[in-house]
Amino acid sequence: MTFPYTGRSSLLRVAPCRPRGGILPIEAACWEETVMTAADAEGTKAGALDQLLAEYVKIMPVLDPAQARIAVGLWRLLAEGTPVTVAALAERLDLPEEQVIAAINGVLAGTRLQDDQGRIIAFWGLSLPDVPSPHRLTVDGQMLYAWCAPDTLWLPRVLGKAIDVQSSLETTGQTISLRMGPNGIEGISVDGAVVSFVRAAGNSVGDTAPAVLSSYCHHQLFFPSERAARHWVEAQGRDDIAVFPVDQAVGGAGRFVEALVGSALPRGVNVELRSVAECPNLAPAREELHAALADLGLPAVVTEVVGDYPSPSILVNGVDVMGGTGDGPAACRLDLPTGERIRAALSQAMGAESAPAATDQNLVDCCTQPGNAIQTDRPRRAERLPNGLRQVYQAILRDFAATGAAPTHVAIGSAAEAVGLDSTVAVRELAANDLVAVDGRGRLVAAYPFSPTPTPHVVSLGNVDVFAMCAIDALGMPFMLSTDAVITSTDPYTGQPIQVTITGGAATYQPSEAVVVYAASGATGRSVDTCCSTINFFASAENAQAWLAAHPTLAATVLDQGTAVVLGRDIFESLLS
């Protein structure tokens, strides 16, 4: 759903009069309301929201893929409406009970509430009726509660199903009703509704779930309009609250939960049905498609497009189910999409949700060999690119470094056009070499060493802050850009902040005992899927070993400070030369 802007848009910026430190400069005069074009407003607000949520990600626990799976499993089991025991969760996930206990009592310890029998009754944004709030949910007939308003926007993504929301509107006492599906808003009762977010403070969200509820959730609410939100925030005397349209907050909430537990969530499958006007074969093709989706239980969004295409064509993640890309002259096609081919394409997309665009066993990244991390071949892969493709790759990296965000489709298109390449083909080739990674719609999810979504590793490059995919990527970034940098990260075992200052190629760590764990799942595939979330800074070797003991399935090695810096330098230094 797109928020109904009409050419011009009023953007409410809730911010203090003076600049503040940190990564969230929502820059404005006090309670300034600025009129701008819809496109400019959308981009500015999206950036401000992503920066705000990036602050949350920095203070949230860092979960490896196994822990993320446990978290998602706990949400889904709790949504069934009864208190959850560790034994039941371990059985549902088919994991050793001791592994689940280690996660629940370790990295997830501060995110839950238990009853007097030790059963979990609330977890990280979702509660049984024992812990009520103003935000009531109905999930498969079960009454539940969200901790705060933004939680209602991302819970359908982790639960994999639609939820009905009944929430009290602050300032009016009325109720806002939402129907939220895994892919976004399906219905809302109050046009123009907004939601408030409290800016993160300190180094953690709180030692306990009650601290989260009292510090954040009591001020993260729905409002009927921006004006109502403005008056409420003024009355609170707060300078750390920002307000965003509900539909935009849905997008930000989705990116936030992807950053936390994305490795445990199914990837979307993009389905497109193309036809020429008044195509006589469109209806049968549509029926075959929806029958296949129903048979597979796939919550896919089908986009129907009428234009100059071979008709009808069905594309799954951009690929025609009958072969090819779906491009060509307008004509009634003879090879009509069959139910068998549609099901095969959908099944393949579901089974290879996180697979790279192409597989080449000669291009396996260093992530599969953590003990031999220094032998990475990423520079070799970049060097053997055709000259034009290498220029596009370097343009993507430079754009990231200059802006702190992923380059736009227009920017990538311009870089590709300058060397006579199609931007879609160029990005696909770079993804095949695991120099970038894309989702099912072709959008960048990584351009190593840069991340377009929040991670625990923030690299300050002068006036620009950018997220790194992992600790090694963060260390390599200043060498690639020939600049000094300050890296801030978090120990995933204790939550302790870590800072690395790189000046003139020399690195200084705080705390001085910090190390880097180079860990991977051991599977072959894209770096973003196999190791980016498990290569992290730790405050000490003892913390690193304790974390590794809780994750026995990972192949890992502990790198001292000098080795980690050399590894980052060797991987990335030559990429822009």
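The model is predicted, and local features need pLDDT of at least 70, side-chain atom pairs count only at pLDDT 80 or more, and totals for chains, interfaces and linings use all residues. Residues are numbered from 1 along each chain as its sequence is written, and side-chain values use heavy atoms, with hydrogens and water left out.

Most peptide bonds are trans, and most residues other than glycine have a negative phi.

Tyr448 and Pro449 are joined by a cis peptide bond. Omega is near 15° there. Pro449 sits in a loop, with β21 (444–446) on one side and β22 (450–451) on the other. Strands here are DSSP runs of E with at least two residues, while helices are runs of H or I with at least four; both are numbered from the N terminus. The bond from Gln510 to Pro511 is also cis, with omega about 0°. Pro511 belongs to the loop between β27 (506–510) and β28 (515–520).

Asp94 lies in the loop between the helices α3 (86–93) and α4 (97–105). Asp94 counts as exposed because its relative accessibility is 70%. Exposed means over 50% relative accessible area, buried under 20%, and partly exposed in between, with a 1.4 Å probe and protein chains only.

Asp140 is not a glycine, yet its phi is positive, at about 50°. The loop between β6 (135–139) and β7 (142–146) holds Asp140. With a relative accessible area of 60%, Asp140 is exposed.
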